[in-house]
Amino acid sequence: MIPRPKPERFRLRRTMLFMNAQKPGLIKDAYIYGVDSIMLDLEDAVAENQKDAARFSLYHALTAIDYGQTEVIVRINGLDTPHWQEDIRCAVAGGVDGVRIPTCESAQDVRLVEEHVLAAEREFGVGEGRTLIMAALESPKGVLNAPEIAAASDRLFGIALSAGDFHRSMHTHYVPGGIELNTARSLIVMAARAAGVQCFDTVFTNLDDEEGFEAEVRMIHDMGFDGKSLINPRQIAYVHQTLAPTPKEIETAELYVRTYREQSQRGVGVYTVNGKMVDIAFIKDADRVLALAKACGVYHGDL
């Protein structure tokens, strides 16, 4: 088995690229695309009579391929199927970084998966607590329970909107601009921030609508999402570009942090920078911007 770095609960996750776990030709070189996280799918991408074959492919991919620093997550089958427990055993045995729970609707769903992950870690000699969890919210019940789901486990690093099933459960469909998802997106971001975890937007499936995709990425960035699920490698670069702080944002953050340090030494708590009042609340956000810029590789300063 190829050793993998210990998973980090909080790391840069701008992009999560979905790939069919059953197709070695796709997943063997997935790390070359520069995506932050690879999502190896055992659920929707795999036919019902091919679940065992997909797990076989998944295990050998996890144990034979060096994905380097690219995070590897496995989307297990739903908790209402006969497959999810074996999915967890296979993923944990292979040393996966985390598992994604589809159609998560309650904190109990998270705790149930956590119990089985822990059992698999013990069974296969994986360090207890190593395997992370994320939850996909795909129904009105899941979205409305987002706060309790987001706070359900110390293993849980984030929650994600999955729009396909959500559209069906809400008796609606994709609308350019995303008005049908506005409430769900807002609730998910707020729940994630309240619980101190990350939040991820749904996939954009029309690969021919580049303008629509880019508009959606800008929108979810403005809403505060940490990252976006993707279905094609050519979508990666634009997300990375859009979710990274701009040179102007970095310059402003640097200015705020430097002036705050200077003013603090003089005992000043509130002051003005370029005509704008600045206090500690601005500095916390400036620190976040600089940390994100460093993680994205677009800032190499000393602050």
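The model is predicted, so local features need pLDDT of at least 70 and side-chain atom pairs count only at pLDDT 80 or more, while totals for chains, interfaces and linings use all residues. Residues are numbered from 1 along each chain as its sequence is written, and side-chain values use heavy atoms, with hydrogens and water left out.

**Stop 1: helix 9**

Select residues 210-223, the 14 residues of helix 9. Helices (H or I, at least four residues) and strands (E, at least two) are DSSP runs numbered from the N terminus.

Next, colour G212, F213, E216, V217 and I220, which are buried (under 20% relative accessible area; exposed is over 50%, partly exposed in between; 1.4 Å probe, protein chains only). Viewed down the axis of helix 9, the buried residues fall within an arc of 135°, so they line one face of the helix. The arc is taken over the directions from the helix axis to the C-beta atoms. Turn to the other side of helix 9 to find E210, E211 and D222, which are exposed.

Now show what covers the buried residues: the cover includes helix 8 (182-195), strand 7 (198-201), strand 8 (227-230) and helix 10 (236-243). Contact here means heavy atoms within 4.5 Å.

**Stop 2**

Select R75 and E138, which an unreviewed UniProt entry lists under "binding site". UniProt positions follow the numbering used here, feature names are shortened, and annotations may be inferred rather than shown by experiment. These residues are spread over 64 residues of sequence but cluster in space, with a largest C-alpha distance of 13.6 Å.

Zoom in on R75, in strand 3 (residues 71-75). R75 is buried, with a relative accessible area of 7%. Leaving out residues up to four places away in sequence, R75 touches residues including F18, M39, D41, E43 and R100.

Move to E138, in the loop between strand 5 (132-137) and helix 5 (140-144). E138 is buried too, with a relative accessible area of 3%. Not counting residues up to four places away in sequence, E138 touches P102, T103, S162, D165, F166 and S169.

Conventions:
The expected span of a helix is 1.5 Å times one less than its number of residues.
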